[in-house]
Amino acid sequence: MIRICFCLLWLFLCLTSGCNVGQSSSSAAGGEKALSADSIRYAAGYTITAYDGYTKVEVRDPWNEGRLLQRYLLIPRDAQQPDGLPQGTIIRVPVKNMVVYTSVHCAVLDELGASDRIAGVCESRYIDVPTVRDGLQGGAIIDLGEATSPNIEKMVEIGTEVVLASPFQNGSYGPVEKIGIPIVECADYMEADPLGRAEWIKFLGLLTGRAARADSLFRETETNYLRIKSLAEDVTHRPTLLTGMKFGTPWHVPAGESYMAHIFRDAGADYIFRDLPGTGSSPLSFETVLDRAIHADFWLIHYNKPTAMTYADLQSEYSPYNRFDAFRERRIYGCNTNSSLYYEQVPMHPDYLLAELIAIFHPDRMPGYRFRYFAPLGE
């Protein structure tokens, strides 16, 4: 996993999606418009540039520095296609029917007030967004099966205009790539800044004609995050932190340049694996984790169970867990994703998680805080 380039371009959100923006002085056809004050400020993975008649969105390849993953040309759906377009995938906006592969992006569309644009999803068992669950139950949203082999015939039948998916290194979308439906690759999870990941809501705002709402939602998140972050900026003691569990052979931990490592730092913690390169996750052996994190002050885990996990449950899954100080001294906090919307909310609301973590590491800074995701493991 390589480092993402952090060249931030000051950009603008398009007029046809509801932003107010001034014209540039250029009189040439397709001349670039002036950049808006609400340009991309944190996200390093994509850029937005508006021209007369279309908006260009370029998604950077997070695994190949300096290369593009995709270029999208967003054209108002009722407008004539401009002449002299650069090479790229043309998408008519606002999109009316889309297929969404992830619960995260279903949740973003729901916040934008655009969940009615979701015509189909893959792997619906992992999607907990209430409006989507209701749509599936009522038949307004179709379950297209597994993301690796979706029902292509049904995808075409429901009039899919765009497929929204998360890319993976050297990954493939199989037969979907051959039927001509644009695949919008949202690499938001590879951002290094939590506000950078949240800022991808602006891209979805452009796609759905909800740009103004996307701007408003992001500004609220940004304000809250920076305010909460200030509560821990002057802490004198940073407790050491371990996260995750062993699944199969590897133990995956957030890389040191990931948005999660960034949140840990902002929450006043000393993340054990802050030195690991990259913005995604890193697979480690149990022995490596034990060697470096045996004395960690806190341990955060995520699990999916019908009931709250206990220390006995954790030890029954893998008995060497009891060798960590955090286990013996009862400083493990668990997030049950079966009963919370952690995966749906945190990507676009890192302020929620930041407040939670400060309440764990520095409870004096968050008196009376009510936890929404994590809880101490029970006996």
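Trainee: How many bridges join β5 to β8?

Mentor: Three bridges join β5 (residues 98-100) to β8 (residues 162-165), and the two run parallel. Two strands pair if DSSP finds at least two bridges between them.

Trainee: And what order do the strands of the open sheet come in?

Mentor: The order is β7-β6-β5-β8-β9, five strands with parallel pairing. β7 (142-143) and β9 (183-185) each have a single partner strand, so one side of each is left without a neighbour in the sheet.

Trainee: Which helix lies across β5?

Mentor: Helix α1 (residues 103-111) lies across β5, β6 (118-121) and β8, at about 130° to β5. That angle is between N-to-C directions, on a scale from 0 to 180 degrees, with axes fitted to C-alpha atoms, for helices over the stretch in contact.

Trainee: Before I go on, how far can I trust this?

Mentor: It's a predicted model, where local features need pLDDT of at least 70 and side-chain atom pairs count only at 80 or more, while totals for chains, interfaces and linings use all residues. Residues are numbered from 1 along each chain as its sequence is written, and side-chain values use heavy atoms, leaving out hydrogens and water. The chain's mean pLDDT (the predictor's confidence in each residue, from 0 to 100) is 90, and 90% of its residues reach 70 or more. Over residues 1-38, though, the pLDDT is below 50. Where pLDDT is low, the predicted coordinates should not be read in detail.

Trainee: Got it. New topic: which residues of α6 are buried?

Mentor: Among them are Ala-211, Leu-217, Phe-218 and Tyr-225. Buried means under 20% relative accessible area, exposed over 50% and partly exposed in between, with a 1.4 Å probe on protein chains only.

Trainee: What do they pack against?

Mentor: The buried residues of α6 pack against α1, α4 (194-198), α5 (201-208), α7 (259-266) and α12. Contact here means heavy atoms within 4.5 Å.

Trainee: Which residues touch the most other members of the largest nonpolar core?

Mentor: Phe-203, Trp-299, Leu-314 and Phe-324, out of 100 residues. Such a core is a set of buried Ala, Val, Leu, Ile, Met, Phe, Trp, Tyr and Cys residues joined through side-chain atoms within 4.5 Å. Helix α12 (residues 350-361) gives the most to this core, with eight residues.

Note on methods. Helix = DSSP H or I, 4+ residues; strand = E, 2+ residues; numbered from the N terminus.
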